[in-house]
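This report describes the fold, the sheet and the aromatic pairs of one protein. The sequence and the structure are shown first, and the description follows.

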Amino acid sequence: GTLANIIRQAYSIQRVASLIRTREHNAWLQCTHILMARPDTAILTPVLWRPPPDGGIAVSAVNPSLGVPDRFAYGPADMMLRMMSERYRHLQRNLMTAWNPEI
C-alpha cells in the first residue's frame, strides 16, 4: 500500500545518500551541491540552476506542506545528505512508536 511505498522511497533515498558519502570518501572528493530527482519525473523545461539565496534546499512545488518532496530537490550537499538520511530514520522512529507506545 501507500505506507509501504513511502517507506521504500525513504529507504532508497537514504541508500543513495550513503552511496554518495562512500563515493566521496573513496574518491577523496567532496560534493558541493546535490540534485535529487526521481527517474520517473518528467522534466519538460530546462532547469535553471539557482541556489536558494538563503542557502537552503530548492524544491519543486508539488506539495510544500509535506516537507521536501522526493521527486525533485537540490541544494548544498551537507543539507541534502542530512535530509536524505533523516527522512527514513524519522519514519522508523515514528512507526516504531506508533506500533509500540512503550518505546
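## Surface and burial

The accessible surface of the protein comes to about 7500 Å², and carbon and sulfur atoms contribute 60% of that area. The structure is a predicted model. Of the 103 residues in the protein, 26% are buried.

## Fold

The protein contains 2 helices and 3 strands. Along the sequence these elements follow the pattern α-β-β-β-α. Helix α1 covers residues 2-27, and helix α2 covers residues 77-99.

The strands form an open sheet of 3 strands in the order β1-β3-β2, and their pairing is antiparallel. Strands β1 (33-37) and β2 (58-59) stand at the edges; each has a single partner strand, so one side of each is left without a neighbour in the sheet.

Strand β3 comprises residues 72-76 and pairs with β1 in the antiparallel sense over 5 bridges. Within this part of the sheet, A37 stands opposite F72 in β3.

## Aromatic pairs

A search of the whole structure finds 2 aromatic pairs. One of them is formed by Y11 and Y88, whose ring centres are 5.3 Å apart; the planes of the two rings stand at 65°, so the pair is edge-to-face. An angle over 60 degrees is what places a pair in that class. Because Y11 lies in helix α1 and Y88 in helix α2, the pair ties together parts that are 77 residues apart in sequence. The two residues also have their own accessibility classes: Y11 counts as partly exposed because its relative accessibility is 38%, while Y88, at 15%, counts as buried. The cut-off for burial is a relative accessible area under 20%.

The rings of F72 and Y74 also form a pair, with centres 6.2 Å apart and planes at 85°, so this pair is edge-to-face. F72 has a relative accessibility of 13% and therefore counts as buried. Y74 is buried too, with a relative accessible area of 6%. F72 is also the residue in β3 that A37 stands opposite, so the description of this buried residue involves both the strand pairing and an aromatic pair.

Key: Residues are numbered from 1 along each chain as its sequence is written. This is a predicted model: local features need pLDDT of at least 70, side-chain atom pairs count only at pLDDT 80 or more; totals for chains, interfaces and linings use all residues. Side-chain values use heavy atoms; hydrogens and water are left out. Rings of Phe, Tyr and Trp (its six-membered ring) pair if their centres lie within 6.5 Å; planes under 30 degrees apart count as stacked, over 60 as edge-to-face and the rest as tilted. Helices (H or I, at least four residues) and strands (E, at least two) are DSSP runs, numbered from the N terminus. Buried means under 20% relative accessible area, exposed over 50%, partly exposed in between (1.4 Å probe, protein chains only). Accessible areas come from the Shrake-Rupley method with a 1.4 Å probe; for residues, only the protein chains shown count as cover. Two strands pair if DSSP finds at least two bridges between them.
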